[in-house]
Amino acid sequence: MRTFMKVVSKILFFLAGSLIVVFSLLSANRSSSHGEGLQLTGQRLYFAREIAPDHIFYPLVAANDRLSLLLADEIGLVNLQLEYAWQRLEYTVELLDKGYRELSFSTLTKGYKYYNTALAEGQQLELSDFQKRLLLTNSGEFESRVVKLWDSFTDPQRQELDRLRAQQTILEQFYIDSL
């Protein structure tokens, strides 16, 4: 009887997995729109080293990121937020190269928000002067890479990026003052 149950459960898992793959392949080329009839992304199933925001399975990656943030300790949380900020900046460049300006803008704003949250939460930690200087240097590098992308965005998008950049500058001042 146990052998029969094992076989049945394996068959059920195989069928469920097969259905997921078939469903994914059938919906792999769906398009999403966002406001004013602009194409936000054409989510696709493709095989690459990383799953970017235009990938059909990206919501699973985003959910995993959120779970990792929930489970992290204080210093781990700051480190993950910085990692995710840089990752979103890399995704922004990839998406711009593919022509997804709206999705790249959304991705970049998420990167800024991760970075600013890391700077804010880092203020609550006992960081050494070396760690504070490292955060400031890293923040400057993040900003210089964003500036290189500036012309890729519309004026309203740049206004939002300016707002996020101003928040970053205010958060950086805490570290400058504490050195």
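**Exercise 1.** In this predicted model, which exposed residues sit on the face of α5 turned away from its buried side? Then find the buried residues of α5 and say why they line one face of the helix.

*Solution.*
- Step 1. The outward face of α5 carries Phe130 and Thr137, both exposed.
- Step 2. The buried residues of α5 are Lys132, Leu135, Leu136, Ser139, Phe142, Glu143 and Val146.
- Step 3. Look down the axis of α5: the buried residues fall within an arc of 125°, so they line one face.
- Step 4. The general rule: an α-helix has 3.6 residues a turn, so residues three or four places apart point the same way.

**Exercise 2.** How far does α5 reach from its first C-alpha to its last? What covers its buried residues?

*Solution.*
- Step 1. Helix α5 runs over residues 129-147, which is 19 residues.
- Step 2. At 1.5 Å a residue, 27 Å is expected; α5 reaches 27 Å, close to that value.
- Step 3. The cover over its buried residues includes α3 (74-98), α4 (101-122) and α6 (155-178).

**Exercise 3.** Are α3 and α5 roughly parallel or antiparallel? Treat α3 and α4 likewise.

*Solution.*
- Step 1. The axes of α3 and α5 lie 11 Å apart, at an angle of about 15°.
- Step 2. Angles under 35 degrees count as roughly parallel, so α3 and α5 are roughly parallel.
- Step 3. In the contact, Leu82, Ala85, Trp86 and Leu89 of α3 meet α5 residues including Leu135, Phe142 and Val146.
- Step 4. The axes of α3 and α4 come within 8 Å and cross at roughly 160°.
- Step 5. Over 145 degrees counts as roughly antiparallel, so α3 and α4 are roughly antiparallel.
- Step 6. For handedness, α3 passes α4 in a left-handed crossing; the crossing of α3 and α5 is left-handed.

Technical notes:
Residues are numbered from 1 along each chain as its sequence is written. This is a predicted model: local features need pLDDT of at least 70, side-chain atom pairs count only at pLDDT 80 or more; totals for chains, interfaces and linings use all residues. Side-chain values use heavy atoms; hydrogens and water are left out. Helices (H or I, at least four residues) and strands (E, at least two) are DSSP runs, numbered from the N terminus. The expected span of a helix is 1.5 Å times one less than its number of residues. Buried means under 20% relative accessible area, exposed over 50%, partly exposed in between (1.4 Å probe, protein chains only). The arc is that of the directions from the helix axis to the C-beta atoms. Contact means heavy atoms within 4.5 Å. Axes are lines fitted to C-alpha atoms, for helices over the stretch in contact, and angles run from 0 to 180 degrees between N-to-C directions. Angles under 35 degrees count as roughly parallel, over 145 as roughly antiparallel, 65 to 115 as roughly perpendicular and the rest as oblique. A crossing is left-handed if the near helix is turned anticlockwise from the far one by less than a right angle, and right-handed if clockwise.
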